[in-house]
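Dear colleague,

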Amino acid sequence: MTSPHRRRSARTLARVAAILPVLALLPAAAGRGADPPPRSVAWSMRTMGTYANVTIVTADSAAAAPLAMLAQRTLARVDSLMSNWTTTSEVARLNREAGAATVRIQPEVARVLDRSLSTWRATGGAFDITVEPLVRLWGFLGGPRRVPSAAEIDSVLPRVGARHVQFDRSAGTLRYDRSDVRIDLGGIAKGYGVEAAADSFAAHGVRDALIDLSGNMHAFGHPPGAPYWRIGIRDPHDKLAYFARLALSNQSISTSGQYEQFIAADGRTYGHILDPQTGWPVQGLISVTVVAASAFDTDAWDTPLFVMGPARARALAKANDSFGAILVSPGAGVDTVWVEEALRDRFELIPEAQSRFVVRWF
Ligand code: ADP
Ligand code: MG
């Protein structure tokens, strides 16, 4: 499995993976008469509005196939709970009912809500699941994508703000204090799904595997013949498949990019991550990568770091030991890649990218 192949097939997708495993190592030759050596076996699946790739290191691909199905079922369950694209999900039901009455929440949705609200507090409101009316106004939910007028944005802003969300963790209930509040878990649900799939793998004793849901990835152990998984971070300009690589083992990584979904208008591009204060798509960074123990953590942090912009994002990452960050700031021809010191040993800017990116450590 080489990256050019992945790149070509990925181009046909509406939303392509922001990070990709670099599986350059070939399995060692089988010894005569011995058991076949373990090799990386990959399964692709459509789920959560995008693609997932599950790679399991195994000597017996038939025995590993049910694990891939397990990951698919887990992701499908999370999607059926948290999708904002259907009217049948648990989140859609909450959005219909919680403006009028106190409603009980399914436990996994409660976990994601709890985490979303603590991230809202920890980021000074940069991560805010009540952006839903703004996401819809800009056409990122259901479309058509367009730049709304300032008056339209102003009319929606009073509905936005997690202060309107009354979540009782011990009772497992939710109530909005305005009837027109809506939540969107799109900034965190994929990471939760990958964590849930990773937990199910751990419960089945999986040691070496990669779960990759469109830019949200968990790496177990290592590939055959190498101590780490080498994960490519997508080139925000798409001139290369990836501009840098990170060596990971038993960790998660998420990359979020403004190139994933955007509106091009008036010579500018507007991405799908919105500033809950202003109602406008955030400017300043073009790619954010987070490395942490779980995919739930990495996805929770990548979106608010985007909103906070390069200086505040660096300060938050530096102050928080539970994750490491890589931030790309655009420049005239040469972008700056801010890499947190804690990731220095594992980060590599690939030679072909060195004329377009300069690395600064923080
Ligand atoms: P993706 O892999 O989908 O790009 P991200 O983690 O970058 O995932 O989340 C982007 C999504 O988060 C948007 O599509 C939208 O649904 C939601 N979102 C946008 N702005 C915010 C925000 N400020 N806080 C929380 N969620 C947001
Ligand atoms: Mg996120």
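**The shell around ligand 1**

The shell around ligand 1 is made up of nine nonpolar, six polar and six charged residues (Ala, Val, Leu, Ile, Met, Phe, Trp, Tyr, Cys and Pro count as nonpolar, Asp, Glu, Lys and Arg as charged, and the others, Gly among them, as polar). Of these 21 residues, Gly-186, Gly-187, Ser-256, His-272 and Leu-274 come nearest to the ligand, where a residue is near a molecule or strand if its C-beta atom, placed from the backbone, lies within 6 Å of it. Helix H8 (residues 295-319) gives the largest share of the shell, four residues; helices (H or I, at least four residues) and strands (E, at least two) are DSSP runs, numbered from the N terminus.

This is a predicted model, in which local features need pLDDT of at least 70 and side-chain atom pairs count only at pLDDT 80 or more, while totals for chains, interfaces and linings use all residues. Residues are numbered from 1 along each chain as its sequence is written, and chains are lettered from A and ligands numbered from 1 in the order in which they are written.

**How H7 and H8 meet**

The axes of H7 and H8 come within 7 Å and cross at roughly 170° (axes are lines fitted to C-alpha atoms, for helices over the stretch in contact, and angles run from 0 to 180 degrees between N-to-C directions). H7 is therefore roughly antiparallel to H8, since angles under 35 degrees count as roughly parallel, over 145 as roughly antiparallel, 65 to 115 as roughly perpendicular and the rest as oblique. Their contact has six nonpolar, two polar and three charged residues.

With best wishes
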